[in-house]
Amino acid sequence: MKAAVLREQNKPLEIEEVQISKPGPREVMVRPVAAGVCHSDLHFMDGSYPYMLPTILGHESAGIVEEVGSDVTYVKKGDHVITCLSAFCGHCNKCLTGHLSLCQSPEVSRTADEQPRLHQNNQPIHQFLNLSSFAELMLIHEHALVKIREDMPFDRAALIGCSTTTGVGAVFHTAGVEPGSSVAVIGCGGVGLAAINGAAIAGAGQIIAVDMVDSKLELAKALGATHTINAGKSDAIGEVMEITRGGCDYTFEAIGLKATAEQAFKMLGSGGTATIIGMIPVGTMIELHGVDFLAEKKIQGSNMGSNRFRVDMPRFIDFYLSGKLHLDEMISKRIKLADVNDALNALKTGEDARHVIMFD
Amino acid sequence: MSRVEIESEVTGNVWKIEVKIGDKVETEDVLMILESMKMEIPVEAACAGTVVELLVKEEDVVEEDQVVAIIET
Ligand SMILES: [Zn+2]
Ligand SMILES: [Zn+2]
């Protein structure tokens, strides 16, 4: 099969012929129909997050089941699925206490002694986050996918596989935004826009979108933002304080920078909670004013929206099909696998919402 | 000759150790692979030399900045 391989950091992905193993007992072969190009792919490409190379990036996709392992009963050939990197084992302490997205059980990957799922001329290709979706086929654990209704278009389903779940999940699950509360979202890329849309669905009163690109702020308004701030032109913290008369109940950082993570905390009112969604580069320290803890301000991380994706993703699809979740606006371009590097470059400049690879 | 401490950049589990004591390594060779929040993260040699100590074994939990190996240059 063809796949986009990352061999060296800061080099373009190469389209290469790669071999994929047969499904093991609990594995499923999926033929992706659509794969989103997500900002997190860039973090691994530019090395702000180290990863074993060579690897095949891509972790946001939807497709059709091609073949199932001998023990798989949840899906069958032909089923429509969304894949998710939050593969869960189902029986560790995290899973059993309802924190499936924090499961770190190694059993959802192959062991070091087994034949790798992906390889090329007998050399292993490291699977990316147990998925690797920039490829014509994916071999994944049965707990890394969810079956979906067949009237859901694949390209929009793919977005639910990462950015929607990450943004909406951070609002619903990690933070637990209540109706009427005030929310600020810093960064209006795919995840930030999903958080804004999620805050609107959750019934937040004020939803303040913060970004440096006016076109993204316009999109934020269409998705439910009540106020927008161009942080390149004005003092974002000051404006948030004025709009909310003293700070937000909830803030979300969806960029992954020290400065914006600290801003998210500074935008809080007393008792408020800042949720850091963005991937802050390894080794970066965050500094806060200790006195703010007297006002019961909180800061927390959110990974993949604290999801229970087999429950969440079908609900998000229902939200989309009933008009509450906006996904059509999120796809700026549909491309071929061969053009994946252009999509990654477009993300770097920050102008476009999202490119989605459509497989033939 | 000097002893260089190799640290893990992140918290994670040791999934696979790729070298043994006495192995000669080059800068950026992968010494071990950690698994952390679904990511496969390499611990690389910071310099060329000989692996003289491995301070963790497979399946161990390692913390950020923990010394996991020593290379003698
Ligand atoms: Zn993503
Ligand atoms: Zn588990």
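A strand here is a DSSP run of type E with at least two residues, numbered from the N terminus. By that rule A:Ile299 belongs to strand β17 of chain A, residues 298-301. The model is predicted. Chain A has nine helices and 19 strands, and chain B has zero helices and eight strands. A zinc ion (ligand 1) has protein donors in chain A: A:Cys38, A:His59 and A:Cys162.

**Chain A: overall form**

- The secondary structure of chain A amounts to nine helices and 19 strands. Its radius of gyration is 20 Å, close to the 21 Å from the globule rule for 360 residues, so chain A is as compact as a globular protein of that length.
- The C-alpha trace of chain A spans about 60 × 40 × 40 Å along its principal axes.
- Of the 360 residues in chain A, 57% are buried.
- Taking contacts in chain A between residues at least 6 apart in sequence, 71% join residues at least 24 apart.

**Zinc site in chain A**

- A:His59 and A:Cys162 are 103 residues apart and link distant parts of the chain.
- A:His59 sits in the loop between β5 (55-56) and β6 (61-68) of chain A, while A:Cys162 sits in helix α3 (residues 154-175).
- A:His59 counts as buried because its relative accessibility is 1%, under the 20% cut-off.
- A:Cys162 has a relative accessible area of 4% and is therefore buried as well.

- A:Arg117 is placed in the loop between α2 (93-96) and β8 (118-120) of chain A.
- With a relative accessibility of 5%, A:Arg117 counts as buried.
- A:Arg117 and A:Ile20 are separated by 97 residues in sequence, but their C-alpha atoms are 5.8 Å apart in space.
- Apart from neighbours within four places in sequence, the contacts of A:Arg117 include A:Gln19, A:Ile20, A:Ser21 and A:Glu27.
- Further contacts of A:Arg117 are A:Val108, A:Ser109, A:Arg110, A:Gln127, A:Asn130, A:Leu139, A:Ile140 and A:His141.

**Nonpolar patch and A:Ile299**

- A:Ile286, A:Leu288, A:Phe293 and A:Ile299 make a nonpolar surface patch of about 290 Å².
- One of these patch residues, A:Ile299, is in strand β17 of chain A.
- The relative accessible area of A:Ile299 is 31%, so this residue is partly exposed. Patch membership requires over 30%.

**Chain B: overall form**

- From the N terminus on, the elements of chain B run β-β-β-β-β-β-β-β. The radius of gyration of chain B is 11 Å, close to the 11 Å that the globule rule gives for 73 residues, so chain B is as compact as a globular protein of that length.
- The principal axes of the C-alpha trace of chain B span about 35 × 20 × 20 Å.
- Buried residues account for 44% of the 73 residues of chain B.
- For contacts in chain B between residues at least 6 apart in sequence, 56% join residues at least 24 apart.
- Chain B has an accessible surface of about 3800 Å², with 46% of it belonging to carbon and sulfur atoms.

How values were computed:
Residues are numbered from 1 along each chain as its sequence is written. Chains are lettered from A and ligands numbered from 1 in the order in which they are written. This is a predicted model: local features need pLDDT of at least 70, side-chain atom pairs count only at pLDDT 80 or more; totals for chains, interfaces and linings use all residues. Side-chain values use heavy atoms; hydrogens and water are left out. Patches are made of residues with over 30% relative accessible area and no salt bridge: like charges are joined within 9 Å, nonpolar side chains (Val, Leu, Ile, Met, Phe, Trp, Tyr) within 5 Å. Accessible areas come from the Shrake-Rupley method with a 1.4 Å probe; for residues, only the protein chains shown count as cover. A salt bridge is a side-chain nitrogen of Lys or Arg within 4 Å of a carboxyl oxygen of Asp or Glu. Helices (H or I, at least four residues) and strands (E, at least two) are DSSP runs, numbered from the N terminus. Buried means under 20% relative accessible area, exposed over 50%, partly exposed in between (1.4 Å probe, protein chains only). Donors are N, O and S atoms within 2.8 Å of the metal (3.2 Å for Na, K and Ca); water is not among the atoms, so sites may look incomplete. The radius of gyration is taken over C-alpha atoms; the globule rule is 2.2 Å times the number of residues to the power 0.38. Contact means heavy atoms within 4.5 Å.
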